[in-house]
Amino acid sequence: MTAMEIAAYIGAAAWLPQIASWIFKAYVTPQITIVPDRSLQLGFTSLGPIFNLRMAFSADRKDAIIDSFEVMLKHEDGEERLLRWAGMNETFSEITDSMGNRQVISKEQPAIAFKIGRESLLEKFVRFNEPRFYNTILPFLNELTNHFDFLKKKEADYVSKIMESKQYNDLSEIRKKAFWWKAGKYQATFKLGSPKKITLTHDSYEFQLNHLEVEKLQKNVDALDSDLSNIIKSNLPDFKAEPIDWNWVNVDFASSVSGNK
């Protein structure tokens with residue numbers, strides 16, 4: 001073997017670690033871990049059923065881009081409901097002065113995409129809504145909007161007439177029927193979507209609602225009428241909206257033994 005051949009082999013060998021690194025980065029699958037808060041917030045408002053949870057994310061092996069996030073809720077009686085992320089909030093810092101006043105610096109983020117890196121935990125407060133709720137009420141909302149526009153052009157007292165209309169009552173009733181929280185145990189299974197393949201180390205958790213908590217949320221159904229009335233009556237001069245205090249419940253959120261590990 002000549003000196004030039006030996007030098008060529010040495011040069012090629014020097015590239016092997018770099019080539020191996022490229023191959024590893026190209027084919028390795030990010031492994032995502034979700035660490036949820038132990039307290040889960042549940043609600044029902046004009047946006048429908050709501051599932052809010054603070055959680056931390058970490059990625060092993062490789063950074064990951066997340067472009068969809070869903071949670072499937074399965075009641076112990078077998079009924080399933082799918083909720084999809086509607087937005088998230090990230091807290092950057094909290095400052096407390098000598099008087100005990102706290103200032104929180106945070107950022108609101110739309111449900112488009114976010115990155116999970118390997119270097120540190122990413123903490124987010126994630127809000128989930130039910131797509132089925134919006135898809136169900138949309139035709140009724142469009143009917144009411146069209147009728148509203150028609151009456152506004154024809155009637156001086158269009159506000160009172162729209163509130164007495166069939167379209168108004170239909171939308172009001174369909175929103176009330178969307179309440180489905182009930183007492184019992186729920187299994188919550190998360191699903192993350194990404195442009196590239198990822199794995200989730202543990203996706204299944206549990207929580208339980210009792211009858212008193214369901215009754216508390218049920219009271220929000222009555223507030224839906226006030227909410228819709230405020231929207232319509234906002235077209236009246238000098239109208240002051242009726243304040244609405246939505247009820248929320250916080251329940252324990254725990255890992256499910258049947259989940260992936």
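Tutor: N52 sits in strand β3, which covers residues 48-60; strands here are DSSP runs of E with at least two residues, helices are runs of H or I with at least four, and both are numbered from the N terminus. This is a predicted model, in which local features need pLDDT of at least 70 and side-chain atom pairs count only at pLDDT 80 or more, while totals for chains, interfaces and linings use all residues. Residues are numbered from 1 along each chain as its sequence is written, and side-chain values use heavy atoms, with hydrogens and water left out.

N52 has a relative accessible area of 4% and is therefore buried (buried is under 20%, exposed over 50%, partly exposed in between, with a 1.4 Å probe and protein chains only). Leaving aside residues up to four places away in sequence, N52 touches L40, Q41, F125, V126, R127, F128 and W248; contact means heavy atoms within 4.5 Å.

The loop between β3 and β4 (64-66) holds R61. Its phi is near 80 degrees, a positive value in a residue other than glycine. Most residues other than glycine have a negative phi. R61 counts as partly exposed because its relative accessibility is 43%. D238 also has a positive phi, near 60 degrees, and belongs to the loop between α5 and β13 (248-252). At 78% relative accessibility, D238 counts as exposed.

Next, the helices. Two packed helices are described by the angle between their axes and the distance between the axes. Axes are lines fitted to C-alpha atoms, for helices over the stretch in contact, and angles run from 0 to 180 degrees between N-to-C directions. Helix α4 (residues 166-176) and helix α2 (residues 131-154) have axes that come within 9 Å and cross at roughly 165 degrees. The two are therefore roughly antiparallel (under 35 degrees is roughly parallel, over 145 roughly antiparallel, 65 to 115 roughly perpendicular and the rest oblique). Their crossing is left-handed, a term used if the near helix is turned anticlockwise from the far one by less than a right angle, with right-handed if clockwise. On the α2 side the contact involves F133, T136, I137, F140, L141, E143, L144 and H147, and on the α4 side Q167, Y168, D170, L171, I174 and R175. These divide into 8 nonpolar, 3 polar and 3 charged residues; Ala, Val, Leu, Ile, Met, Phe, Trp, Tyr, Cys and Pro count as nonpolar, Asp, Glu, Lys and Arg as charged, and the others, Gly among them, as polar.

α4 also packs with α5, at about 145 degrees with the axes 9 Å apart, and this crossing is right-handed. From α4, the contact uses Y168, L171, S172, R175 and K176; from α5, it uses V221, L224, D225, D227, L228, S229 and I232. Here the division is 6 nonpolar, 2 polar and 4 charged. Buried in α4 are Y168, L171, S172, I174 and R175, and these pack against β2 (39-45), α2, α3 (158-163) and α5 (211-233).

For the whole protein, the secondary structure comes to 5 helices and 14 strands. Of its 261 residues, 37% count as buried. Taking contacts between residues at least 6 apart in sequence, 73% join residues at least 24 apart.
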